[in-house]
Amino acid sequence: MQSDIHLVLHHARSAELRDRADEHRRAAALIPHRRELRTRLGWTLVELGLRLATTPRPAAAH
């Protein structure tokens with residue numbers, strides 16, 4: 001009898017964990033990953049820096 005109760009509890013807990021994992025996967029799919037945001041921001045800053053570094057500056061008049 002005890003093994004039957006243990007098995008029923010095990011199945012219930014397994015189902016609960018699977019449901020929580022599915023919820024987490026769905027929520028994570030909606031939010032862009034932090035690494036992706038950092039990568040995009042980093043490349044944007046690199047592009048901005050390159051534009052600033054390569055912009056022709058007017059020659060100083062002496």
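This is a short tour of the structure above, stop by stop.

**Before you start**

This is a predicted model: local features need pLDDT of at least 70, side-chain atom pairs count only at pLDDT 80 or more, and totals for chains, interfaces and linings use all residues. Residues are numbered from 1 along each chain as its sequence is written, and side-chain values use heavy atoms, with hydrogens and water left out.

**Stop 1: the whole chain**

The chain has two helices and zero strands. Both kinds of element are DSSP runs, numbered from the N terminus: helices are H or I with at least four residues, strands are E with at least two.

Now turn the C-alpha trace. Along its principal axes the trace spans about 100 × 15 × 10 Å. The radius of gyration of the protein chain is 28 Å, whereas a compact globule of 62 residues would have one near 11 Å. That radius is taken over C-alpha atoms, and the globule rule is 2.2 Å times the number of residues to the power 0.38.

**Stop 2: the surface**

How many of the 62 residues count as buried? The share is 2%. Buried means under 20% relative accessible area, exposed over 50%, and partly exposed in between (1.4 Å probe, protein chains only).

Colour by charge next. The chain has 11 positive and 7 negative charges, and their mean positions are 13 Å apart. Lys and Arg count as positive, Asp and Glu as negative; His and the chain ends are not counted. Each charge is placed at NZ of Lys, CZ of Arg, CG of Asp or CD of Glu.

**Stop 3: helix H1**

Select residues 2–30, which are helix H1. Three salt bridges are counted in the model. A salt bridge is a side-chain nitrogen of Lys or Arg within 4 Å of a carboxyl oxygen of Asp or Glu.

Zoom in on Arg13 and Glu16. They form a salt bridge, with the closest N and O atoms 3.2 Å apart. The two residues are three apart in H1, so about one helical turn separates them. Arg13 is partly exposed at 40% relative accessible area. Glu16 is partly exposed too, at 39%.

Move to Asp22 and Arg25. Their side chains meet in a salt bridge, at 2.6 Å from N to O. Asp22 and Arg25 are also three residues apart in H1, about one helical turn. Asp22 is partly exposed at 33%, whereas Arg25 is exposed at 53%.

Select Arg26, also in H1. This arginine counts as exposed at 52%.

**Stop 4: across to helix H2**

Draw a distance from the C-alpha atom of Arg26 to that of Leu50. The two residues are 24 apart along the chain, and the atoms are separated by 38 Å.

Now select residues 34–54, helix H2. Its 21 residues reach 30 Å from first C-alpha to last, close to the 30 Å expected at 1.5 Å a residue. The expected span is 1.5 Å times one less than the number of residues. H2 is hardly covered: its count of buried residues is zero.

Finish at Glu47 and Arg51. They form a salt bridge, with the closest N and O atoms 2.8 Å apart. Four residues apart in H2, they are separated by about one helical turn. Glu47 is partly exposed at 41%, and Arg51 is exposed at 54%.
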